[in-house]
Amino acid sequence: MPALPRLLVDADACPVREEVVRVAGRLGLEVLLVTNGARPVRPPNLPFVRLVVVSEGADKADDFIAETARPIDVCLTADIPLAARCLAKGAFALSFKGKPWTSDNIGSALAGREVARHLREIGAIGGGPAPMAGADRSRFLSALDTMAQAAIRKSREPAPRQPAPDAAG
């Protein structure tokens, strides 16, 4: 039986944990809630949900997720650089507001992030992203279901065949 995808959650700032657990339970997928312990994360007492506490420090949870991600896993994060690292490993990536990250859009998202950072530094803009709305949760649920189904299909694909060694040498 092929390995199933996992949902790797950047849990410290995740506003959609309940939605993730609901989708995972319905599809029979494992959830890894990854945190550096800076904020309390209370996982539900369910056999398919695992809390992973990494050492404290900037990007430690991101490092764990990026290093652990497999091509069939779904990485759930608001962190655009982490999404890029997961995509580079061949994994799926989805924002908490339901935006699928792909090789086609991650480059412009990284560039836009840098422009926004610069504008904040010089005081041209303030604040961060808008808070989660009901429409965001609905869009996230739909996008997660679609992406998780795609990951399941990918996990069932036969592994690429390795070329036979050249006997001639």
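Here is a short walk through this predicted model, one selection at a time.

**Stop 1: the sheet**

Start by colouring the strands.

Next, show β1 and β2 together. They pair in the parallel sense over 5 bridges. For a landmark along this pair, click on D10 and look across to β2, where V34 stands opposite.

**Stop 2: a helix on the sheet**

**Stop 3: the largest nonpolar core**

In soluble globular proteins, nonpolar side chains tend to be buried together. Here, the largest nonpolar core has 27 residues. Which elements supply at least two residues each? They are β1 (6–10), α1 (17–27), β2 (30–35), β4 (74–76), β5 (92–94) and α5 (134–156). The largest share, 7 residues, comes from α5.

Zoom in on L144. Ignoring neighbours within four places in sequence, L144 is in contact with L7, E19, V20, V23, V74, L76 and L94.

**Stop 4: A148 on helix α5**

Stay on helix α5 and select A148. Is A148 buried or exposed? It counts as buried because its relative accessibility is 0%, and the cut-off for buried is under 20%. Leaving out neighbours within four places in sequence, A148 is in contact with L27, L29 and V74. Draw a C-alpha to C-alpha distance from A148 to L29: it comes to 8.7 Å, although the two are 119 residues apart in sequence.

**Stop 5: the second core and the cysteines**

Now move to a second, separate core of 13 residues; A61, C75, L82 and A91 are among them. While C75 is on screen, note that this cysteine is buried, with a relative accessible area of 1%. Then select C86, which is buried too, at 0%. How many disulfides does the structure hold? The count is 0.

How values were computed: Residues are numbered from 1 along each chain as its sequence is written. This is a predicted model: local features need pLDDT of at least 70, side-chain atom pairs count only at pLDDT 80 or more; totals for chains, interfaces and linings use all residues. Side-chain values use heavy atoms; hydrogens and water are left out. A nonpolar core is a set of buried Ala, Val, Leu, Ile, Met, Phe, Trp, Tyr and Cys residues joined through side-chain atoms within 4.5 Å. Buried means under 20% relative accessible area, exposed over 50%, partly exposed in between (1.4 Å probe, protein chains only). Helices (H or I, at least four residues) and strands (E, at least two) are DSSP runs, numbered from the N terminus. Contact means heavy atoms within 4.5 Å. A disulfide is a pair of cysteine sulfur atoms within 2.5 Å. Two strands pair if DSSP finds at least two bridges between them.
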